[in-house]
Amino acid sequence: MDVDTSKWSGEGTFTQVLVDWLARLEGVRLVRVEDAPASRSEADYNFISNELFVAFETEVRTEPVRRLGVFPGSRKVTYQKLDVAALEARMTADPSIGPPDYSDEGMLQYLRTERIIPPYQTRGYKLVELVRLYDASAPRRS
C-alpha cells in the first residue's frame, strides 16, 4: 500500500491515527493526504481540516453470461475488494476510531475536538480537527 503525504503539513493527530490504521488494512491500495483550504488558527482555537483520498484494490472475476439469450459465454468484471460502506463498518468496530459523524456513499467525515493547555500558560486553546475521507476510485460527479 502506498501513502502519499506530499501535500500534507503533518498537522492533526487523528489524521495520523487514520493514516496508520489504513496502512494496516487489507484491501486499500493508496492513501493520499492533503491539507484542506479551510484550516485556520485564532487566539482561542485552531481549526485543522484534512482530506484523505483512499483508492481500494480491485480484482477481476469471470462471470457466465448468455449472448442473445442463447449462446453461453463469459465476461470479465472488475470489482473493488472494499468500498466506503465496508470501510465505515470496520472503522466503527475499532474503538480507537469509532463511527463517523457524517457518511454517504462516497465520503466519511470525522470531527474531533480537544482542549490543549500548554505548560506555563493560564489559558489554553481548543483544537478542532475535521477529517474527510473520500473514495478516490469513485467516479466524479459533475
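In which sense do strand 5 and strand 6 pair, and over how many bridges? Strand 5 and strand 6 pair in the antiparallel sense, over 10 bridges; two strands count as paired if DSSP finds at least two bridges between them. This is a predicted model, in which local features need pLDDT of at least 70 and side-chain atom pairs count only at pLDDT 80 or more, while totals for chains, interfaces and linings use all residues. Residues are numbered from 1 along each chain as its sequence is written, and side-chain values use heavy atoms, with hydrogens and water left out.

**Strands 5 and 6**

- Helices (H or I, at least four residues) and strands (E, at least two) are DSSP runs, numbered from the N terminus.
- Strand 5 and strand 6 form a hairpin with 3 residues between them.
- Leu68, in the turn of this hairpin, has a positive phi of about 60°.
- Val65 has Gly73 in strand 6 as its bridge partner.

**Salt bridges**

- A salt bridge is a side-chain nitrogen of Lys or Arg within 4 Å of a carboxyl oxygen of Asp or Glu, and by this rule the count comes to 6.
- Glu63 and Arg75 form a salt bridge through their side chains, at 3.5 Å from N to O. Glu63 lies in strand 5 (residues 58-67) and Arg75 in strand 6 (residues 71-80), so this pair ties together parts that are 12 residues apart in sequence.
- Glu63 also forms a salt bridge with Arg61, where the closest N and O atoms are 3.4 Å apart.
- Glu63 is partly exposed at 23%, Arg61 is partly exposed at 38%, and Arg75 is partly exposed at 47%.
- Arg32 and Glu34 meet in a salt bridge of 2.9 Å, N to O. Arg32 is partly exposed at 28%, whereas Glu34 counts as buried at 15%.
- A network of salt bridges links Glu57, Glu59 and Lys81.

**Helix 2**

- Val84, Leu87 and Met91 are buried in helix 2 (residues 84-93). These residues cover an arc of only 60° around the axis, which puts them on the same side of helix 2; the arc is that of the directions from the helix axis to the C-beta atoms.
- The elements that cover the buried residues of helix 2 include helix 1 (13-23), strand 4 (45-56), strand 7 (102-104), strand 8 (107-116) and strand 9 (125-135), where contact means heavy atoms within 4.5 Å.

How values were computed: Buried means under 20% relative accessible area, exposed over 50%, partly exposed in between (1.4 Å probe, protein chains only).
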